[in-house]
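Subject: Structure handover

Hello,

Here is the structure for you to look through. My notes on what turned up follow below it.

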Amino acid sequence: MHNPRTLTTTSLNPFCKGENQVLANFYNVLVPELFLVAYRYVKSEAEAEDVVADCFEKLLKMPNEIRRQKFIDNKINLKALLFIMVRNQSLDVLKLKKNRLRILEGIKINLPKVATNDSKKTLSKDNFNSLLHCLSKKEKIVLTSVMEGFTKEEIAIQMGLSEKTISNLLTNARKKVKLSWVKFMV
């Protein structure tokens, strides 16, 4: 077996022939360093672990011919490539987070003009907004964000509040809308 600390062309030959156990040995040696690089960017242990795992998964899915071309023919340094992959994957994670936060910032209470269901009545945007009149600004943001598919954690990050506070705001908003609905339907 080859020493995983030395990433030479010879040590990568078995990997390039499809022997994935070689990469597993490198994983065991390199994961602490790669984790630190990812963590420096994403500031989350779970996300850093995911980033590193995703990078190794990409290498494992790489066809043997591409492996041979990169690591044998072109003599690309696997360790250096992994550090670049981890950095780029971390930046992609941050970009995705930033885009989601940007979307949250731009949330306005915009529902379709008419939402239909199997019932005989339809609820227009104006009618729905009239149900929301009793909500505070924060409650409106939380409720509409949840309706658009955002998690409580994402909303908490965007609004700078705890998840518990978001949960409480959501509970209060639902109660108020339910009460308002009953009054609206009478």
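**Contacts, pocket and salt bridges**

Apart from neighbours within four places in sequence, Ser 90 is in contact with Ala 38, Tyr 41, Val 42 and Val 51. This is a predicted model. Ser 90 belongs to helix H5 and is buried, at a relative accessible area of 0%.

The largest pocket has a volume of about 330 Å³. Its lining is made up of Glu 47, Val 93, Leu 96, Lys 97, Arg 100, Leu 101, Thr 151, Glu 153, Glu 154 and Ile 157. Helix H5 (78-105) and helix H8 (152-159) are the elements that give two or more residues to this lining, and H5 supplies the largest share, 5 residues. By class, the lining has 4 nonpolar, 1 polar and 5 charged residues.

Two of the lining residues, Lys 97 and Glu 47, form a salt bridge, with the closest N and O atoms 2.8 Å apart. Lys 97 is in helix H5 and Glu 47 in helix H3 (residues 45-61), so the pair ties together parts 50 residues apart in sequence. Lys 97 is partly exposed at 33% relative accessibility, and Glu 47 is partly exposed at 24%.

The structure holds 6 salt bridges. Another one of them joins Lys 79 and Glu 33, with the closest N and O atoms 3.8 Å apart. Here Lys 79 lies in helix H5 and Glu 33 in helix H2 (residues 21-42), so parts 46 residues apart in sequence are tied together.

Arg 68 and Asp 73 also form a salt bridge, at 2.4 Å between the closest N and O atoms. Salt bridges with shared partners join Glu 65, Arg 68 and Asp 73 into one network.

Regards

How values were computed. Residues numbered from 1 in each chain as written. Predicted model: local features only at pLDDT ≥ 70, side-chain atom pairs only at ≥ 80, totals over all residues. Heavy atoms only, no water. 1 Å grid on protein atoms, 1.4 Å probe; cavity = no way out; pocket = protein on both sides within 12 Å on 5 of 7 lines; lining within 4 Å. Points joined across faces, edges and corners; volume = space filled by probe spheres on them. Helix = DSSP H or I, 4+ residues; strand = E, 2+ residues; numbered from the N terminus. Nonpolar A, V, L, I, M, F, W, Y, C, P; charged D, E, K, R; others polar. Buried < 20%, exposed > 50% of the residue type's maximum accessible area, 1.4 Å probe, protein only. Contact = heavy atoms within 4.5 Å. Salt bridge = Lys/Arg side-chain N within 4 Å of Asp/Glu carboxyl O.
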